[in-house]
Amino acid sequence: MSPERELPSDGNVTARYYNYGTYNLSNQYGRHWLFNNQTGGAVVRLCTGYNGVNCGAPFGPGWYAVDLGPINSIVVSAQ
C-alpha cells in the first residue's frame, strides 16, 4: 500500500504482504493505493475490526484507492 496522493513506487510503499494471513494495521490512515498482485486467485479483504473481524468484499488483482481510516486489519486469502 502507498499513500493515494503519491504515485505508488518502491520508495513510498507503507506495507507489503507476501503470505496468506491476517494482518493488524498500525498508524495507517487516510486514502491509500491498494495493489493486489497476488497470483493463483488470492484476494485481499479490508476489515474494520482487529484480527480479521467485520471484513468487506474481496479485492481481486488490480489497483484500488481505499480509505484506511476505518480499517484495522487486512486479510489475504484464497478466494
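What pattern does the protein chain follow when you read along the sequence? Switch to cartoon view and trace it: β-β-β-β-β-β. Keep in mind that you're looking at a predicted model. The chain has six strands and zero helices.

Of the 79 residues in the chain, 34% are buried. Among contacts with a separation of 6 or more, 62% link residues 24 or more positions apart.

Next, select asparagine 36. You'll find it in strand S3, which covers residues 31-36. Is asparagine 36 buried or exposed? Its relative accessibility is 2%, so asparagine 36 counts as buried, since the cut-off for buried is under 20%. Show its neighbors: leaving out residues up to four places away in sequence, asparagine 36 touches Ala42, Val43, Val44, Phe59, Gly60, Pro61 and Gly62. Now zoom in on alanine 42, where the side chain of asparagine 36 reaches the backbone oxygen at 3.2 Å.

Now hop to the loop between strand S4 (42-47) and strand S5 (62-67), and click asparagine 51. Asparagine 51 is exposed because its relative accessible area is 58%, and the exposed class starts over 50%. Check its phi: about 60 degrees, a positive value, although asparagine 51 is not a glycine. Most residues other than glycine have a negative phi.

Last stop: asparagine 54, also found in the loop between S4 and S5. Asparagine 54 counts as exposed at 56% relative accessibility, and its phi is positive too, near 60 degrees.

Key: Residues numbered from 1 in each chain as written. Predicted model: local features only at pLDDT ≥ 70, side-chain atom pairs only at ≥ 80, totals over all residues. Heavy atoms only, no water. Helix = DSSP H or I, 4+ residues; strand = E, 2+ residues; numbered from the N terminus. Buried < 20%, exposed > 50% of the residue type's maximum accessible area, 1.4 Å probe, protein only. Polar contact = N/O pair within 3.5 Å; in protein donor to acceptor, adjacent residues only side chain to side chain. Contact = heavy atoms within 4.5 Å.
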